[in-house]
Amino acid sequence: MEDEKLKLITGSPQIHSLASTSRVMGGVILALLPAGIWGVWLFGPRAGAVILVSLAGAAAGELIGAGLMKKNTLADGSAFLTGLLVAYNMPVSVPLYVPATASLFALLVAKWTFGGLGNNWINPALAGRVFVFFSWTSAMTKWTLPVKLTGAAEAVTGATVLGAVKTGLADLGGPGGGGPVEFLKSLDFPASAFAQDLARGFQGLTGLETEALKWDLFFGLTPGCIGEVSTLLLLLGGAALLFTRIINWEIPFFYLGSFALLTGIFGGLPFGKGLFAGDVVFHLLSGGLILGAFFMATDMVTSPLTKKGMIIYALGTGFLTFLIRQYGSFPEGVSLAIILMNIFVPVINRYTGPKRFGVAKTKTKAA
Amino acid sequence: MSGIKTFPKGGLHPPGRKALCSSVEIKNAVIPPVLTVPLQQHLGKPALPLVEPGMEVREGMLIGRADGFISANVHSPVPGRVKSLKAVFLPNGLQTQAVEIEFFGEFDRSGRRTEGRKWEDLGAEELLKIVEDQGIVGMGGATFPAHAKFKVPQGTRIEYLVINGVECEPYLCSDHRLMLEKPREIIRGIRILRTIIQPEKIAIGVELNKADAIEALRKAAEAEGLPLAVVPLKVKYPQGDEKQLLKAVTRREVPSGALPSAIGAVVSNVGTVFAVYEAVALDKPLIERVVTVSGGAIAAPANLKVRIGTPIRSLIEECGGFREPPVKLVAGGPMMGFTFYDPETPVTKGTSGILALTKQEAAAAPRTFCLQCGKCIAVCPMGLNPTGLFKLIDHSGYARAVEGGLLDCKECGACAFACPAHIPLVQGFKLGKLMSRKEL
């Protein structure tokens, strides 16, 4: 036998799964891309500029944060993902210093002050978003009605569906009659010609009456943040993450499930209806819920370690999202709900440790 | 739920790669001109040397005497002359004294396959004595002296004798081939163990990827008239661990920190059972074992019956050398085995496999921070929190790690295999155990 160079001496195991941090991050990024492309198509090139600025801010934040710790971690992809999520949570018309600030805050304050990837207690992208939301609230709540929805020559500003319902109800000072969709119709909220055709065609084909507005929400022809509008593409991306087991099904399932349940039971109350009259579909399709449930609540670092913990966390997030959406002063509750539950993760982890093999139940103790 | 049994918690499916040599028949390996026989091939104290340089030895002659109860005899694998006593490194990093033997002369037993002893009339005491004399150790990898394991404490009822034919480590086929080619001998070995241990029930657990072995064992058991259950098990790592095997077969959990006897069970590997048979029926000490030589870098993977002390280089040459340069040489399976760099390292009683892994096979992600993904917790068969334990050990919190179950960890490597951040969890736990023994 020829004398080869020294062999690797490593501890067991000698083989490894193909999983890696950059694969996890890359998978999530790929799953997010279609929804972002949709956002750029819908809102125009400015949406692309917001995304690029967010990514640049994130890269800068990562380089500075990691640089201070004499590391180079750009290749793990997590900063890119944070930057992308920051951009997806921005309205298209936002001044470009807002996404830049949000990304820098996300990376430098939310992530690197705690020691970088894996050590942050709060989802960095959401921290960045909430930071700029409270810093530049009016810029962060100025929405654009895309021309592809209105058919107008130029994009005009207008409210999101959730915003329109919330302010409409507040102006009314009482219950709104009907449901959110009827209420939006009474406010002359537009539905795209495409969705109206689709609703008609669908009725012709199946005999079922559907609301054009919900088709718009499903495909993403609606005002909102750049990356949150296309429910369909986000669901496809989420399905890909579930299929490749990058995320666990527990968090999206119990998040959306508990939210849907509560909305179904209590969602009719603001419209003067009784219990069990909420419009679940409308609420599932609108706002940042799907983006949040599949891509942000599932962030490994800031979600619990065990399935039991994930279920508790997801139920809490669903409850808080419902609470903020229905009774809070903001139309949207996803970001805040996830951040609030992030705070509870260490406590949840403490009390939901795995059941040890060969140890009587009463004696289980978290490591 | 399918009817196929397994353990309920954790586990995973590393690529099996058994096809490389699962259909290659066991053949006798070439005996090299010089063999190096370590005096510590078992758990416990090393054997005391009985030979000096220049002495002539016969095949099967006692050359190292067990030092105490938890120790094992060592015999000369070949006839020849003692060249020297020297220190060698074993793949697990242990340095031990070894007897270097120059091989020449006549074999006393090689080729003799007839049962020389009327073993069916022997009692438990006599059989246990033979097992002890012949230096039998657990051949699944742990190399615990067999006589110590089989000696049932007085007053203990053993309900189950469970034979481990799981072989859940990827690549390895030595137990599989043994069950396929020597089922009758294994069943007779179990009969011997039955006399020693007096269990109420006997079961053999075999993973379903070895359906042919299950069949062969069932037939042999029937032919021998031995009532036992051959239990097919789901293919899942680490099904072959003692505690996971017992959970699957008996539905009982060995309590934390206890031995299988706590739930009235004794577990033994099929390789050990075969060695017990040969020791008792053929009066043959443990001087050879079946070794799987495999891995993507090996030209012609094979299952070889190897004399203890044979340098690994000789086995690799016999398998056609390397088809491409390996990045790692592994003794044992890829999940729990050890890397070594010196191809002169000898085969010991615990060497179930020799693997030469290619760069692609040994590929691992770069290490990053822990993502808190929880994969390690999901795959841990012992219900531990590997990432939490690792952090405690990393911060010298040994006592708290022990409290969290560190000593339950069997270093099966499932957590480290699955970890996307490629954190050296198993090394951490080995260190943690060492430090906790020192400190606590």
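One salt bridge (a side-chain nitrogen of Lys or Arg within 4 Å of a carboxyl oxygen of Asp or Glu) is counted between chain B and chain A. Asp408(B) and Arg356(A) form a salt bridge in which the closest N and O atoms are 2.8 Å apart. The model is predicted, so local features need pLDDT of at least 70 and side-chain atom pairs count only at pLDDT 80 or more, whereas totals for chains, interfaces and linings use all residues. Residues are numbered from 1 along each chain as its sequence is written, and side-chain values use heavy atoms, with hydrogens and water left out.

The contact (heavy atoms within 4.5 Å) takes 41 residues from chain A and 66 residues from chain B. The buried area between the two chains, meaning the accessible area (1.4 Å probe) lost on being put together and summed over both, is about 4500 Å², and carbon and sulfur atoms give 62% of this. On the side of chain B, Phe369(B), Leu371(B) and Gln372(B) lose the most area to chain A, together 16% of what that side buries.

The largest has 79 residues, of which Leu32(A), Met90(A) and Phe295(A) touch the most other members. Helix H1 (residues 21-43) of chain A, a DSSP run of H or I of at least four residues, contributes the largest share, 10 residues. Apart from this core lies another of 47 residues, including Ile158(B) and Tyr277(B).

Note on methods: Chains lettered and ligands numbered in written order. Core = buried A, V, L, I, M, F, W, Y, C linked by side-chain atoms within 4.5 Å. Buried < 20%, exposed > 50% of the residue type's maximum accessible area, 1.4 Å probe, protein only. Helix = DSSP H or I, 4+ residues; strand = E, 2+ residues; numbered from the N terminus.
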